[in-house]
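Dear colleague,

My notes on what was found follow it.

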Amino acid sequence: AADFFKTNLLDTNDGKAIALPYFKERGFLESTIKKFELGFAPDGYKNFADKAAKNQFNEEFLQTLGLVSKKGYDFFRNRVMFTIHNVSGKIIAFAGRTLSTDKKQPKYINSPETPIYNKRKVLYALHLAKNMVRKKDNCYIVEGYTDVISLFQNGVENVVASSGTSLTSDQVRLVKRYTDNITFLYDGDAAGIKASFRGIDMI
């Protein structure tokens, strides 16, 4: 799935015309796009499902992992894709941001809970950040995937984000393996301030 999304972003006309500009507008370099394994899920109901079937992947597994629906349709369609890894760097899930202007579409959708993905226990980019978190003895926690990527690209590598959920005690325990110090860099609006205080209380 990760290979499919990455190939669609960098090696197809739709990816280059529709999805790549989204990342480029945020100032992401191609090296950064590759480092974070960003991708593109094209529009259409069975692009991924057909490709997976052609490569003899087990459809039941694809459904269990939330990549294909029970009816055999692609879960992620017309979205830029963020790849979610576990602490050791293995791919366990995805998040997709819509490229549609349809207000009824949710802005982000995440992989559902699966046998390998429990979003309460995952921090985005911790596999890349953990060594620097330990070295700096501090972990920045931000709100979104693009916040993490922007900071990384600008040399701040001790940064993570909660993965499709507000901060949980399991995520705090994850950080605690590497440092006792956490700094929140949330939005300065009322919701961001409220989330910061909630997080501080939890810590």
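Phe75 is partly exposed, with a relative accessibility of 32%. Please bear in mind that this is a predicted model. Phe76, by contrast, is buried, and its relative accessible area is 4%. The rings of Phe75 and Phe76 form an edge-to-face aromatic pair, with 4.9 Å from centre to centre and 85 degrees between the planes.

Phe76 also pairs with Phe94: the ring centres are 6.4 Å apart and the planes stand at 75 degrees, so this pair too is edge-to-face. Because Phe76 belongs to the loop between helix 5 and strand 2 (79-85), while Phe94 belongs to strand 3 (residues 91-98), the pair ties together parts that are 18 residues apart in sequence. Phe94 is buried, at a relative accessible area of 5%.

Across the whole structure, the search finds 18 aromatic pairs. One aromatic cluster is formed by Tyr22, Phe23, Phe28, Phe36, Phe82, Tyr108, Tyr124, Tyr145 and Phe152.

Phe23, leaving aside its neighbours within four places in sequence, is in contact with Leu9, Phe28, Ile33, Leu38, Gly39, Val80, Met81 and Phe82. In soluble globular proteins, nonpolar side chains tend to be buried together.

Phe61 is part of helix 5 (residues 59-64). This residue, Phe61, is exposed, because its relative accessible area of 55% is over the 50% cut-off.

Two further residues may be of interest. His127 is found in helix 6 (residues 126-136) and is buried, with a relative accessible area of 17%. Apart from its neighbours within four places in sequence, His127 is in contact with His85, Asn86, Val87 and Gly89. Lys119 sits in the loop between strand 4 (108-110) and strand 5 (123-124), where its relative accessibility of 30% counts as partly exposed. Lys119 and Asp170 are 51 residues apart in sequence, and their C-alpha atoms are 9.7 Å apart in space.

With kind regards

Conventions: Residues numbered from 1 in each chain as written. Predicted model: local features only at pLDDT ≥ 70, side-chain atom pairs only at ≥ 80, totals over all residues. Heavy atoms only, no water. Helix = DSSP H or I, 4+ residues; strand = E, 2+ residues; numbered from the N terminus. Buried < 20%, exposed > 50% of the residue type's maximum accessible area, 1.4 Å probe, protein only. Contact = heavy atoms within 4.5 Å. Phe/Tyr/Trp six-rings, centres within 6.5 Å; stacked < 30°, edge-to-face > 60°.
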